[in-house]
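Me: I have a model open and would like to learn how to read it. Could we go through it feature by feature?

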Amino acid sequence: MMTPPPPPTEEAARKRSASDFVFGKVIGEGSFSTVYLAKDIHTNKEFAIKVLEKRHMIREKKMEYVLREKKMLQILSGCTNYFVKLYCTFQDAERLYFVLTYAKNGELLPHITKNGSWNLECTKYYAAELVLALEQLNDKGIVHRDLKPENILFDENWHILLIDFGSAKIMTAEDKKENEEDGRKRKNSFVGTAQYVSPEILRNLETSYASDLWALGCIIYQMISRSHPFHAGSEYLIFQKILKLEYEFPEDFDETAKNLVKELLVLNPTKRLGAADIKPYSSIRQHEFFGDIDWDNIGPPPKILPRSPNSSKSLDKDNKIPDHLEPGLDSEKASRLQLDMLCQTSNTPTRKKSDGNRNLANLDSSEIERRLELQKLDKWHNLVEGNLILKQGLVDKRKGLFARRRMFLLTVGPNLYYVDPATMVLKGRIPWSAELRTEPKNFKIFFVHTPNRTYYLEDPEGYALEWCKSIDEVHAYYFPQSVLP
Ligand code: ATP
């Protein structure tokens, strides 16, 4: 057994490096980062360390995003609740490291999908915590701009912790001016996530705190109905619906919640509930929906039951750092931990080309209905917004040095969703348009080109050509005019 290293001197405590931590396992992946569960070798304290590859950040021109996130987390470091704390940052030749509070109970999103035990009491409690978090953001002059269930995590006591401040903005007078200039320079740029983005961000108008209130309305809607208020087959169509405020409530939607959501999902940001409050967000606090909430002491959270017997084990028990690991992170170790994660997910069943004829043009409506009924038994069904799955399979989505293994789900709509098979969380979808085009490189590798981005994909089982063919068929069906004679 190794003898533990001596406690750090004051100087060492100030200046940490990767060798002060044992990196246990990959607990999350973003577009630009890999997040590891790690243990400080001096204190045994667990942290989540967000690691960003410098080469990747520079190539994708994302340094601004990283610096912004660091700045925001530093500003929020004085807040004791509702935000991950940034303990320290350091770098080596290849990577940047953010040492963060470890959110032991994972993301909110899986709890509010169809199979969860989530109820109205949970919605009230966590919507209230979100309001308290937004009040603190407002107090610090920060607009998050990418508030969504994937960016809301739970700490060990099941209180929320907001993450991902790379899109945030500071609303000081100086920054406001910068925002305006920035907005003029970068017309049509869009931050956030399609389902939660506010109409003013879509229209390139000035961002304000009210953009987060719009997202709050979308999240409360989703917590109650288990689906997004604005959903459609492509980002473009979602944006159209947002701009026209085109959404509906399911019949059984709680009436007071409905009223609150309606007051938050207002096109004019200045008219949203809370936007004009002298003391933010007193009018939201006073809304009837929060009648039972004691805002000075909201008390312990309601019990959230595990989503399934398996999911309860997935977080805490599996997230133990083995004793034998050496401190530090180099490329070899990073790849091994990445591989460990991929191996853990490789038992997920994939549907192969032998699944029968799934060509959209050959399906009539009764056949679609029949298949949809069968699909309801499929564990992926709840992630595809009720759309019929035409093809599915595990595909490695490559970004920079690393590939993330994702379950790709090609559906009518058209949609090409990708899901993290370990957490069953929908990570995104490839936006469809007439310009979308596939390019097979060999039996394993294929590209999907969209106007804003090329997706580098690899089918480990060698069905890249099948993927391209299926995507092309769906594309030809929905965009017949774009097919060259
Ligand atoms: P995006 O693609 O949204 O820009 P990103 O690169 O900014 O992502 P994050 O969203 O910060 O990365 O983190 C990626 C994932 O890692 C999160 O979805 C979450 O599941 C996990 N994660 C991040 N921070 C923590 C934390 N402090 N504790 C536990 N898990 C975390």
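Me: Are Tyr-247 and Phe-249 buried or exposed?

Reply: This is a predicted model, and in it Tyr-247 is buried. Phe-249 is buried as well.

Me: How are the rings of Tyr-247 and Phe-249 placed, and why is the pair called edge-to-face?

Reply: The angle between the planes decides the name, and planes over 60 degrees apart count as edge-to-face. The ring centres of Tyr-247 and Phe-249 are 5.2 Å apart and the planes stand at 70°, so this pair is edge-to-face.

Me: How many aromatic pairs are there by this rule?

Reply: The count is 25 aromatic pairs. One of them joins Phe-21 and Phe-90 and is stacked, with 5.9 Å from centre to centre and 15° between the planes.

Me: Which parts of the chain does the pair of Phe-21 and Phe-90 link?

Reply: This pair links distant parts of the chain. Phe-21 belongs to strand 1 (residues 21-29) and Phe-90 to strand 4 (residues 86-91), and the two are 69 residues apart. Both Phe-21 and Phe-90 are buried.

Me: Which residues form an aromatic cluster with Phe-21 and Phe-90?

Reply: The cluster also contains Phe-23, Tyr-36, Phe-47, Tyr-87 and Tyr-97.

Me: Now the ligand. Which of the 22 residues around the ligand come nearest?

Reply: Ser-31, Lys-50, Tyr-65, Thr-101 and Glu-107 come nearest. By type, the shell divides into 10 nonpolar, six polar and six charged residues.

Me: Which strand gives the most to the shell around the ligand?

Reply: Strand 1 does, with three residues. Strand 3 (46-53), like strand 1, supplies at least two.

Me: Which atoms of the protein lie 2.8 Å or 2.7 Å from atoms of the ligand?

Reply: Look for pairs of N or O atoms. Ser-33 has a polar side-chain atom 2.8 Å from an oxygen atom of the ligand. A side-chain N or O atom of Asp-164 is also 2.8 Å from a ligand oxygen atom. From Thr-101 a backbone N or O atom lies 2.7 Å from a nitrogen atom of the ligand.

Me: How much of the ligand does the protein bury?

Reply: Taken alone, the ligand exposes 630 Å², and the protein buries 90% of that.

Terms used: Residues numbered from 1 in each chain as written. Predicted model: local features only at pLDDT ≥ 70, side-chain atom pairs only at ≥ 80, totals over all residues. Heavy atoms only, no water. Phe/Tyr/Trp six-rings, centres within 6.5 Å; stacked < 30°, edge-to-face > 60°. Helix = DSSP H or I, 4+ residues; strand = E, 2+ residues; numbered from the N terminus. Buried < 20%, exposed > 50% of the residue type's maximum accessible area, 1.4 Å probe, protein only. Near = heavy atom within 4 Å. Polar contact = N/O pair within 3.5 Å; in protein donor to acceptor, adjacent residues only side chain to side chain. Areas by Shrake-Rupley, 256 points an atom, 1.4 Å probe, with all protein chains shown as cover. Nonpolar A, V, L, I, M, F, W, Y, C, P; charged D, E, K, R; others polar.
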